[in-house]
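Here is my note for your first look at this protein. Keep the sequence and the 3D view open while you read.

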Amino acid sequence: MGFIWSIIIGILAGFIAGKIMRGRGFGLLINLLVGIVGGLLGGWIFTLLGFDANGILGNLIMSTVGAIVLLWIVSLFKKKE
């Protein structure tokens with residue numbers, strides 16, 4: 001059941017980060033990937049800062065923060081059109 005929650009949280013985190021950073025989502029698959037990688041990045045960032053995310057809401061916040069940081073990093077390397 002934890003795996004299913006991770007997927008749901010990843011999709012939500014990627015969707016929220018897409019809305020914050022670009023104003024729209026990227027689609028289900030990309031939102032999932034951004035959310036999962038963002039969850040890993042957010043977990044690393046929160047550990048460095050000494051925070052611990054507990055529960056579904058804490059994991060969603062951590063994953064969303066990580067996904068926003070990930071999208072920001074990607075935007076630094078993206079060409080301006």
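1. **Contacts along the chain.** Residues 24 or more positions apart account for 65% of the protein's contacts with a separation of 6 or more. A contact here means heavy atoms within 4.5 Å.

2. **What you are looking at.** This is a predicted model: local features need pLDDT of at least 70, side-chain atom pairs count only at pLDDT 80 or more, and totals for chains, interfaces and linings use all residues. Residues are numbered from 1 along each chain as its sequence is written, and side-chain values use heavy atoms, with hydrogens and water left out.

3. **Overall fold.** The protein has three helices and zero strands. Along the sequence, the pattern reads α-α-α. Helices (H or I, at least four residues) and strands (E, at least two) are DSSP runs, numbered from the N terminus.

4. The accessible surface comes to about 5600 Å². Carbon and sulfur atoms hold 74% of that surface. Such areas come from the Shrake-Rupley method with a 1.4 Å probe; for residues, only the protein chains shown count as cover. Of the 81 residues, 32% are buried. Buried means under 20% relative accessible area, exposed means over 50%, and partly exposed lies in between (1.4 Å probe, protein chains only).

5. **The core.** Which residues form the largest nonpolar core? There are five: A17, V34, A67, L70 and L71. Helix α3 gives the most to this core, with three residues. A nonpolar core is a set of buried Ala, Val, Leu, Ile, Met, Phe, Trp, Tyr and Cys residues joined through side-chain atoms within 4.5 Å. Look at V34: leaving out residues up to four places away in sequence, V34 touches G14, A67, L70 and L71.

6. **T64.** Find T64 in helix α3, which spans residues 55–77. T64 counts as buried because its relative accessibility is 10%. Its side chain reaches the backbone oxygen of L60 at 2.7 Å. That is a polar contact: a pair of N or O atoms within 3.5 Å; within protein, one must be able to donate a hydrogen and the other to accept it, and residues adjacent in sequence count only if both atoms are side-chain atoms. Beyond four places in sequence, T64 touches A13, I16 and A17.

7. **S63.** S63 is also in helix α3. Is S63 buried or exposed? At 7% relative accessibility, S63 is buried. Setting aside residues up to four places away, S63 touches I9, A13, G35, G38 and G39.

8. **I68.** I68 belongs to helix α3 too. Its relative accessible area is 22%, so I68 is partly exposed. I68 and K19 sit 49 residues apart in sequence, but 9.7 Å apart in space, C-alpha to C-alpha. Not counting residues up to four places away, I68 touches A17, I20 and M21.

9. **V37.** V37 lies in helix α2 (residues 28–49). With a relative accessible area of 40%, V37 is partly exposed. V37 and L70 are 33 residues apart in sequence and 7.9 Å apart, C-alpha to C-alpha.

10. **The nonpolar patch.** F3, I4, W5, I8, L12 and I56 make a nonpolar surface patch of about 600 Å². Patch residues have over 30% relative accessible area and no salt bridge; like charges are joined within 9 Å, nonpolar side chains (Val, Leu, Ile, Met, Phe, Trp, Tyr) within 5 Å. A salt bridge is a side-chain nitrogen of Lys or Arg within 4 Å of a carboxyl oxygen of Asp or Glu. Helix α1 (residues 2–22) gives the most to the patch, with five residues. I4 lies in helix α1 and counts as partly exposed, at 46% relative accessibility.
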